[in-house]
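Visitor: I have some time with this model today and would like to go through it by question and answer. Could you show it to me, please?

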Amino acid sequence: MTKAQQRPLIQEFRLLATPVVLFLLVFLGFPAIVNLIYSVSDVSFETLRQPELSGLKNFAAVWSDSAFWQASWFSFRFGLLTAVLECTLGLFLAIFLSPLIERRSWLMAILMLPLMVAPALVGLMYRLVLHEFVGPVPYYLWTYFGASLSFLGPGSAFWTLVVVETLQWTPFALLLFYMAYQAIPSEIAEASAMDGAKSHHRLWYIELPLMLPTIVVALLIRFIDGFRVFDNVYVLTGSGPGGSTASLSIYIYEAFFKQGAIGKAVAASVILFVVSFAVLYGLNFIASRRKGAIR
Amino acid sequence: MITALRWLAFATAAFAMNFPILVTLSTSLKSTRELSTNPGLWVQAPTLDNYLAVFQVTDRLNIFLYLFNSLSVALIGTVLAVALALPAAYAIARGRLGERTLLPFIVNLRAVPLIIFAIPLYMMFQWLALLDTRLGLGLILTIVNLPLALVILVNAIHDLPAELDEAALMDGASRTQILFRVIAPVCRPAIVTSLIFGFITAWNEFLFGLMLTTSKAVPITVGASFFFAASGGGVQWGMASAVMIVGALPPVLLGLIMYRQISGSMTAGAVKG
């Protein structure tokens with residue numbers, strides 16, 4: 001095909017992609033601009049339409065707010081811990097249970113069930129599970145050990161949330177790893193068995209390296225989802241006790257809805273916006289370079 | 001011996017991961033009297049009273065409205081996302097348009113904390129009178145669903161042989177005609193997968209439901225938390241459990257029926273995305 005023939009085709013492709021681009025411009029482009037303007041303005045609910053420029057005051061307010069740093073630290077620690085726990089557990093289960101699941105795929109459906117339930121509902125369910133009078137966990141602890149813990153009190157709330165998140169999302173890692181494990185060609189297992197390799201050697205030197213890209217991707221996805229956590233934490237602890245379980249998402253939500261500090265909430269959004277896109281595009285860049293190297 | 005260990009591991013994992021669901025189910029079947037005496041997992045005298053009570057509409061709590069809202073916003077958010085993603089996916093996969101700009105941007109959207117757009121969207125919705133409307137929440141859920149729908153559809157169209165398009169081009173069909181008459185029918189499994197996946201995601205969404213609705217358009221995830229806001233005399237745990245089971249049921253059933261497709265698309269979104 002010549003260039004002249006190709007042009008109308010490209011125009012038609014552009015036309016097909018137009019709706020989604022327009023939609024994104026309206027629902028993300030416009031909000032992004034509002035974010036930027038408000039983040040450098042003195043703005044309150046009364047002066048929404050006439051924001052007055054105030055330089056970087058809002059950013060300074062966020063920067064010097066210890067709650068912001070506490071929330072950042074919570075998000076980071078929560079994301080990292082849950083990602084590592086979920087992937088470790090998921091990897092073990094995927095490999096250890098694969099002989100069972102291969103023959104009875106409905107077992108996987110049972111393990112995947114938690115993924116279908118809204119995290120907000122799971123959070124609410126744990127209010128029941130951990131309740132001191134009607135919850136079975138404190139009840140059984142009292143019955144068999146004669147003592148119970150204050151699961152959502154200071155000190156333990158963070159760890160309770162880590163367990164709640166890990167138990168709900170380990171199935172995600174398990175599923176990804178099971179698929180990757182099944183995708184390893186059976187010839188590899190047969191060939192290494194012929195060479196007399198022991199099964200744990202095969203696992204360590206052949207299968208795990210083959211699954212490594214999937215492991216990295218799963219760690220990344222689970223870190224991101226843990227980092228931006230909102231639903232289950234919000235319904236279980238709010239942000240308490242004493243703001244110790246506020247994630248960055250909850251920090252921004254509360255700055256806006258509970259304190260009416262629009263400028264601060266928006267400035268924190270802009271910081272999060274810049275950091276997350278920088279990190280994501282950085283990762284894309286690394287991934288595409290590595291792909292190029294392999295080609 | 002090792003098989004027994006495997007079964008033990010399976011039983012432990014399945015029990016631990018589904019524990020909150022089991023507890024809620026068991027509590028929802030307990031009578032008010034049993035609730036105060038038996039916090040254990042086993043129900044001595046199962047009853048459906050809590051479910052009957054949940055479906056009694058009061059001026060404060062209306063479960064039918066919450067379910068209807070969730071259904072409507074999930075349908076808007078799912079159908080619109082696929083309708084927007086399909087033509088774009090075709091342009092990306094076949095026209096190589098925006099392969100390095102639009103596609104990575106939308107895919108990255110899946111990983112961005114969406115709260116960063118929430119405050120301006122809240123203000124925008126106030127100006128447009130979209131706050132507390134099903135349409136408004138549905139539009140936001142479209143953004144939430146776009147990335148995965150796009151990845152699934154781009155991958156599906158990539159996997160189709162190019163001869164399919166070329167043969168139709170020879171017959172004088174336009175790209176738009178090819179998309180709707182040739183590509184879309186062949187891609188039906190991928191379209192169905194993105195619809196199911198989107199529906200589950202949208203039904204389970206909480207943050208935007210919490211921020212953008214107050215009474216008329218409240219979805220079930222937010223409505224369920226209303227049952228925990230006690231109206232004097234503490235939380236009625238039996239009712240609260242029943243509403244959670246009802247609210248979790250649609251996506252769980254859909255997921256169980258279609259879990260093969262879903263597991264496939266989860267890996268697609270993760271590995272290629």
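Visitor: What percentage of the 273 residues of chain B count as buried?
Guide: Happy to start there, and please keep in mind that this is a predicted model. A residue is buried if 20 or more other C-beta atoms lie within 10 Å of its own. Of the 273 residues of chain B, the share that counts as buried is 48%.

Visitor: Is Ile106(B) buried or exposed?
Guide: A residue needs 20 or more other C-beta atoms within 10 Å to be called buried. Ile106(B) has 26 of them within 10 Å, so its class is buried.

Visitor: How far apart in space are Ile106(B) and Lys30(B), C-alpha to C-alpha?
Guide: In sequence, Ile106(B) and Lys30(B) are 76 residues apart. In space, from C-alpha to C-alpha, the separation of Ile106(B) and Lys30(B) is 46 Å.

Visitor: Which helix gives the most to the side of domain 1 of chain B that touches domain 2 of chain B?
Guide: The domain assignment gives domain 1 (1–47) and domain 2 (58–271) in chain B, and their C-alpha centres lie 32 Å apart. Seven residues of domain 1 of chain B are in contact with six residues of domain 2 of chain B. On the domain 1 side, helix 1 (2–28) and helix 2 (32–37) of chain B each supply at least two residues. The helix that gives the most, with four residues, is helix 1 of chain B.

Visitor: Is Arg96(B) buried or exposed?
Guide: Arg96(B) sits in the loop between helix 4 (63–95) and helix 5 of chain B. Its phi is near 50 degrees, a positive value in a residue other than glycine. Most residues other than glycine have a negative phi. Since Arg96(B) has 11 other C-beta atoms within 10 Å, it is exposed.

Visitor: What is the phi of Asp132(B) near?
Guide: Asp132(B) lies in the loop between helix 6 (115–127) and helix 7 (134–158) of chain B. With 15 other C-beta atoms within 10 Å, Asp132(B) is partly exposed. The phi of Asp132(B), a residue other than glycine, is positive and near 60 degrees.

Visitor: Which helix of chain A gives the most to the side that touches chain B?
Guide: Between the chains, 77 residues of chain A are in contact with 71 residues of chain B. By class, the chain A side has 64 nonpolar, eight polar and five charged residues. The helix that gives the most, with 17 residues, is helix 1 (residues 3–39) of chain A.

Visitor: How many of the 11 residues of helix 5 (residues 119–129) of chain A are buried?
Guide: The buried residues of this helix include Leu121(A), Met125(A) and Arg127(A). Their cover includes helix 6 (136–145), helix 7 (157–182) and helix 10 (231–237) of chain A, together with helix 1, helix 12 (220–226) and helix 13 (237–257) of chain B. Helix 5 of chain A is largely enclosed by the rest of the structure because its buried residues number 11 of the 11.

Visitor: At about what angle do helix 3 (residues 66–103) and helix 11 (residues 248–257) of chain A pack?
Guide: Residues of helix 3 of chain A, including Phe68(A) and Ser72(A), meet Leu248(A), Ile250(A) and Tyr251(A) in helix 11 of chain A. The residues of this contact divide into six nonpolar, two polar and no charged. The axes of helix 3 and helix 11 of chain A are 8 Å apart, and the angle is about 145 degrees.

Conventions. Residues numbered from 1 in each chain as written. Chains lettered and ligands numbered in written order. Predicted model: local features only at pLDDT ≥ 70, side-chain atom pairs only at ≥ 80, totals over all residues. Axes fitted to C-alpha atoms, helices over the stretch in contact; angles between N-to-C directions. Contact = placed C-beta atoms within 7 Å. Nonpolar A, V, L, I, M, F, W, Y, C, P; charged D, E, K, R; others polar. Domains from an automatic or database assignment. Buried ≥ 20, exposed ≤ 12 C-beta atoms within 10 Å, placed from the backbone.
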